[in-house]
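Notebook open, model loaded. I want to go through the surface and the charged pairs and jot down what turns up.

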Amino acid sequence: MPIQLNSRAAHHDIAPFFLERWSPRAFLDEAISEDALMSLFEAARWAPSAGNGQPWRFVYARRGAPAWDGALDALVDSNQIWAKHAAVLIFAISDLKRARPNGELVDNPTSAFDTGAAWGYLALQAHHLGLAAHGMGGFDRNKAAIACGVDQSRFQVLLAIAAGRPGGPDLLPEDLRARETPSGRKPVSDFVFEGKLGG
């Protein structure tokens, strides 16, 4: 049976946590425990991965730690404004190669797909713990690669993630407060087709 939570409505029966999870920008200036942080990565560990390749890598920086400034600087200015209050910044990185049984490295065309699945699991685990994880495409890939020590001939930084304890919209600059609400989604009929891809 379709359900409705907050401002979102599912047209088909799904577990409520899919509607409950969203990506706030308002974070409390609070640390999160090592156990909570590692549980996010533990959830990502169990994402589907073709042939159990697990081509994802995550590099994180806690607010106040030496790596924080470089991680924050990699974000575009409009994301730094609010992400600087998160407990941790995480970069999701995809291994562009996979090893054959003989050890030969070959291209891995699904690595970004699998890394995206791992990010989804991480985000759902954050919600489960009462935390928030906000994924961002707005960052400088080269700066992020340098901050994370990434060899860009082998790895690709796909996503920046701010994670921590969510706060209220009053913590945000006025121009962001109106956007601090769960967003809707296109209906299934817009992106699911039987037989052939539609328009």
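The model is a predicted one, so I keep to local features with pLDDT of at least 70.

I then checked Phe18 by itself: it sits in helix H1, residues 17–20. Its relative accessible area is 46%, so I log Phe18 as partly exposed.

Entry two, Ser7. I found Ser7 in the loop between strand S1 (4–5) and strand S2 (8–9). What does Ser7 touch, leaving aside neighbours within four places in sequence? I get Thr181 and Pro182. The side chain of Ser7 comes to 3.2 Å from the backbone oxygen of Pro182. I also took a C-alpha distance from Ser7 to Arg63, 56 residues along the chain, and got 32 Å.

I went through some of them.

Glu30 and Arg165 pair up through their side chains, with N to O at 3.7 Å. Glu30 is in the loop between H1 and helix H2 (34–45), and Arg165 is in the loop between strand S8 (155–164) and helix H7 (174–177), so this pair ties together parts 135 residues apart in sequence. Glu30 is partly exposed at 34%, and Arg165 is partly exposed at 30%.

Next I looked at Arg57 and Asp95, a salt bridge with N to O at 3.3 Å. Arg57 lies in strand S3 (residues 56–62) and Asp95 in strand S4 (residues 88–95), so the bridge links parts 38 residues apart in sequence. Is Asp95 buried or exposed? I have Asp95 as buried, with a relative accessible area of 4%. Arg57 is partly exposed at 36%. I also note that Arg57 and Asp95 belong to a salt-bridge network with Arg154.

Last, Asp73 and Lys143: the closest N and O atoms of this salt bridge are 3.5 Å apart. Asp73 is in helix H3 (residues 68–73) and Lys143 in helix H6 (residues 141–148), so the pair ties together parts 70 residues apart in sequence. I log Asp73 as partly exposed at 41%, and Lys143 as partly exposed at 38%.

Methods:
Residues numbered from 1 in each chain as written. Predicted model: local features only at pLDDT ≥ 70, side-chain atom pairs only at ≥ 80, totals over all residues. Heavy atoms only, no water. Helix = DSSP H or I, 4+ residues; strand = E, 2+ residues; numbered from the N terminus. Contact = heavy atoms within 4.5 Å. Polar contact = N/O pair within 3.5 Å; in protein donor to acceptor, adjacent residues only side chain to side chain. Buried < 20%, exposed > 50% of the residue type's maximum accessible area, 1.4 Å probe, protein only. Salt bridge = Lys/Arg side-chain N within 4 Å of Asp/Glu carboxyl O.
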